[in-house]
Amino acid sequence: MASESLILFFITAVVLVGSALIFSNLVPPKSANPAKFEPYECGIETYGETWLQYTVGYYIFAILFLIFDVEAVFLFPWATIVRETGMTAFIEILIFFTILGLGLLYAWKKHALKWE
Amino acid sequence: MAFDIYDFTSLTSSIHEGLATFLPPVGVLVAEWLLVGISVLLFVAVFGLILVYLERKVCALFQQRLGPMRVGKWGLLQTVADFIKLLMKELITPNKADKFLYNLAPFIVIIVTFMAIAAIPFAKGLQAIDFDIGVLYVSAVASLGVIGILLAGWSSNNKYSLIGAMRSGAQIISYELSVGLSLITMIILAGSMQISEIIQAQSTGWFIFTGHIPAIIAFIVFLIAGTAETNRGPFDLAEAESELTAGFHTEYSGIKFAFFFLAEYVNLFIVSAMATVLFLGGWMPFHVGSFEGFNAVMDFVPPIFWFFGKVMFVIFVIMWFKWTFPRLRIDQILTLEWKYLLPINLLNILLMTLIVLMGWHF
């Protein structure tokens, strides 16, 4: 099959979830109870806002991820042609990894990898 | 060749030609889409149910219990009964939730798993779409699942869900790196990203045997990172039951919860299938050097059994992790990835490049 058929898998998934949701909205019995629609936390009514500023630690890792993932995207085409390019590929990746390793070392020394 | 009898290409092309005799080209396309769509749907549903049953049985095995035994012979129908029960439950949308995003999240997690399955090779010729960037495609699509998890956790307007989603997001994107880099290690050895070519390159020996030491290191890293990617095993703190109720899907009920559950198990299958393709030779039979007789016997086993046998083995190992190791804390998880797996992976890529260029691999 050609790659356009990818849309088929998209449609199949939408049909599966959609039809199940429609079925579950129509068929099962329903009972109204205001407490049912409260957040499921501790039993008592929820206290304070949920959508608020969140620990910055997660965002630091997200930024680090961004850098290293872009680097991984560069590596994919490089990896397919290592055999043809020969030793040049190895030296180039050595330089690339040195820069990258320095970056990782910098983040490490700055305690960006430490969870607080 | 001995295993040409098991080549599915002739079967699919004969179906294609048979349809073309009495249908216009558009009709052929629609009929084929229907066939593939229904078979994928059936595969996901049935395999998901089997995996849930297997998980409970493996868990029981490790804890010296029997596991589900009541519904059907050896409890075989237990997951079917669970599924029907979940389908017949009322769907609840919390008052304070962001209704649109809350309902969108299950769609995203399921769409992602289906699109990843499009590139999984079940046997020779039994692969829906053979991209020339297959490995990159699978890792790219599979990593989109984290969006569904983040949406689910955030839109529920529940503190447990939010904490679970944030942990899961940090964890999945971190281990995404290790998965990607260990895939790159194997692409260097294979010299191609096309899944059928990678498998073909392993006809003389699986990469885990021919790839020397770096292949083994990459396999171990891939297993650890893959377990973390699927939110399983010792890395399941996104839904740490004892502290977060059920993590990001606390507010989901009935069939919506079932979809998150199903997506988790299908992702487990996708990770195991990728491990099988890249390290264990996909559907290639096991061959030992020049033992002609032994190799012929191995060729006799259909590739689809080889594929599922290896996938089941990897799935069992990942389940083994889950029921053996205690859950890690979030700082331990991030330390493991950024201070151990990432540097190991970068060095491993260099080692693999050197071995490939020097021709030291077998």
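Contact is taken here to mean heavy atoms within 4.5 Å. The structure described is a predicted model, with an ipTM of 0.85 and a pTM of 0.89. For chain B the pLDDT averages 84, and 97% of the residues score at least 70.

By the contact criterion, and leaving aside neighbours within four places in sequence, Phe269(B) is in contact with Phe43(B), Phe47(B), Leu51(B), Ile120(B), Phe122(B), Phe307(B), Phe308(B), Val311(B) and Ile315(B). Phe269(B) also belongs to the largest nonpolar core, which comprises 146 residues. Together with Phe279(B), Phe307(B) and Trp338(B), Phe269(B) touches the most other members of that core. The greatest contribution to this core is made by helix 12 of chain B (residues 254-278), which gives 17 residues. In soluble globular proteins, nonpolar side chains tend to be buried together.

Helix 12 of chain B also figures in the lining of the largest cavity, to which it supplies seven residues, the largest share. The structure holds one cavity of 30 Å³ or more, and the space within the largest cavity amounts to about 380 Å³. Its lining consists of 28 residues, and those lying nearest the centre are Ala142(B), Glu229(B), Thr230(B), Asn267(B) and Val271(B). At least two lining residues come from each of helix 4 (99-117), helix 5 (134-142), helix 6 (145-155), helix 7 (159-190), helix 10 (212-229) and helix 12 of chain B. In composition, the lining of the largest cavity has 16 nonpolar, eight polar and four charged residues.

Apart from neighbours within four places in sequence, Thr80(A) is in contact with Ile187(B), Gly191(B), Ser192(B) and Met193(B). The relative accessibility of Thr80(A) is 16%, and this residue therefore counts as buried, the cut-off for burial being under 20%.

A further position in chain B, Ala201(B), lies in the loop between helix 8 (195-200) and helix 9 (207-210). Ala201(B) counts as partly exposed because its relative accessibility is 34%, a value between the limits of 20% and 50% that define this class. Although Ala201(B) and Met284(B) are 83 residues apart in sequence, their C-alpha atoms are 9.8 Å apart in space.

Conventions: Residues numbered from 1 in each chain as written. Chains lettered and ligands numbered in written order. Predicted model: local features only at pLDDT ≥ 70, side-chain atom pairs only at ≥ 80, totals over all residues. Heavy atoms only, no water. Helix = DSSP H or I, 4+ residues; strand = E, 2+ residues; numbered from the N terminus. Buried < 20%, exposed > 50% of the residue type's maximum accessible area, 1.4 Å probe, protein only. Core = buried A, V, L, I, M, F, W, Y, C linked by side-chain atoms within 4.5 Å. 1 Å grid on protein atoms, 1.4 Å probe; cavity = no way out; pocket = protein on both sides within 12 Å on 5 of 7 lines; lining within 4 Å. Points joined across faces, edges and corners; volume = space filled by probe spheres on them. Nonpolar A, V, L, I, M, F, W, Y, C, P; charged D, E, K, R; others polar. pLDDT = per-residue confidence, 0-100.
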